Amino acid sequence: MRGPIGHLLVGPRSHGVVRYAQSVFDAVSVESSDHRLVHMPTLDADATALAACGLVHVHITDRLFGRTPRRARNNVLAMIAALNRPVSVTLHDLPQPSDGPAMRARADFFRAVARAAKGVIVSSHHEAALFAEYVDATIGVEVIPLLFDPIRVDKPSDSAELTVGVLGYLYPGKGHMETLQAMSDLDPSIGFVALGTPSPGHEDLADDLGKVAADMGRRCTVTGFLSDDELFRASTAVTVPVAYHRHMSASGSINSWISAGRRPLVPRTAYTDELAERSPGVLTMHDNNDAALRSAIESAFADPASTWIDSAVTPSPTAADVGRAHQRLFRRWSW
């Protein structure tokens, strides 16, 4: 090996991709001490501490690197050139038709980054299929599923307020509005909770949720950013956890529910089928439509125990699994 492995985190630490990159660094550091971490809150920050590294690994999605996919592409390629050493990447949020008019530009971004990289990782076999179909079928990618933190179960008291919750950044397509609308026939004393903060440019979604809830006579809470401990406590307090992102290709939000001991309601998709096969007993699946979501929420209130993971279940992969998988690839790409 020609030097330690560098891990470059780009963007605010509150961003889900940056937080996950930190988790991967923590996991591989258990496997080997020969790793270096540099965090660049902005693209003009100093990364000279990586000068001795034989390989630098970066977790990438276009929205972390520029206001448009074209600008993000130019910024990432310039960064790779400035590092002047092999760079491997984990790609997040792969382009797909649900992106609408932005899909082509996003595909161009991921294609350019992948072609400039020494190696490419994605987080699900579904993402690998999206990459081959919409980005570049000539580039091979490695699949390392998103890691699960150890499950902690801390059930609230029976006197806790009844709520339906959605976890993660608020943006159109994540399923917040659809979940709230699916509650229309529930008793208005049941509250709606969004565990997270609006994505930049989508601050109006919180107001829209509040207006729809008010029309139902229902309480609506948008928590804003939560620390890890706050997120865990909020996740356990929700009565019915929901992840109704109908076009997910990998989902940190689902993993967060599961790590809190929750068994979220999810639509049946290629990705959730893959996750359920790998880790039986961590999801409650329903058909991928609004009516099925409504029915699933009603069933969960009738059987609250179904929203908790059995203590005998161990989700896969663990942090140790993910650390070892990355270490094997880094060895290959560093020689």
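Which residues of α9 are buried? I looked up helix α9 and found Y271, T272, E274 and L275 buried. I took buried as under 20% relative accessible area, exposed as over 50% and partly exposed as in between, with a 1.4 Å probe and protein chains only. These four residues cover an arc of only 155° around the axis, so they lie on the same side of α9; the arc is that of the directions from the helix axis to the C-beta atoms.

Basis of the entries. I worked from a predicted model, in which local features need pLDDT of at least 70 and side-chain atom pairs count only at pLDDT 80 or more, while totals for chains, interfaces and linings use all residues. Residues are numbered from 1 along each chain as its sequence is written, and side-chain values use heavy atoms, with hydrogens and water left out. Helices (H or I, at least four residues) and strands (E, at least two) are DSSP runs numbered from the N terminus.

I next asked what covers the buried residues of α9. The cover includes α4, α8 (252–259), β11 (265–267) and β12 (284–286), where contact means heavy atoms within 4.5 Å. I then turned to α4 (residues 125–134), in which H126, E127, A128, L130 and F131 are buried. The cover over the buried residues of α4 includes β4 (87–91), α3 (103–116), β5 (119–122), β6 (142–143) and α9 (270–278).

Entry on the nonpolar cores. I defined a nonpolar core as a set of buried Ala, Val, Leu, Ile, Met, Phe, Trp, Tyr and Cys residues joined through side-chain atoms within 4.5 Å. The largest such core has 36 residues, and L8, V58, I60, F65, M79 and L91 have the most contacts inside it. Helix α2 (residues 69–83) gives the most to this core, with five residues. I listed the contacts of V58, leaving aside neighbours within four places in sequence: L8, V10, F65, M79, V87, S88, V89 and T90. A second, separate core has 34 residues, I5, Y20, L283 and W333 among them. In soluble globular proteins, nonpolar side chains tend to be buried together.

Entry on T163. T163 is placed in strand β7 (residues 163–167). I counted T163 as buried because its relative accessibility is 5%. Not counting residues up to four places away in sequence, T163 touches I190, G191, V193, R219, A237, V238, T239, V240 and F301.

D108 pairs with R111, with a closest N to O distance of 2.7 Å; both residues lie in helix α3, three residues apart, about one turn of the helix. D108 is partly exposed, at 32% relative accessibility. The side chains of R324 and D321 meet at 3.0 Å, N to O, and these residues are three apart in helix α11 (residues 319–334), about one helical turn. R324 is partly exposed at 36%, as is D321 at 31%. Salt bridges that share partners join D62, R63, D93, D99 and R106 into one network.

Entry on rings. I counted one aromatic pair, under the rule that ring centres of Phe, Tyr and Trp (its six-membered ring) lie within 6.5 Å, with planes under 30 degrees apart stacked, over 60 edge-to-face and the rest tilted. The pair is F109 with F110, edge-to-face, at 5.0 Å centre to centre and 85° between the planes. F109 is buried at 1% relative accessibility, and F110 is buried at 0%. I also noted the charged end of R262 over the ring of W308, 4.0 Å from its centre; the rule requires NZ of Lys or CZ of Arg within 6 Å of the ring centre and within 35 degrees of the ring normal.

Note on methods. A salt bridge is a side-chain nitrogen of Lys or Arg within 4 Å of a carboxyl oxygen of Asp or Glu.
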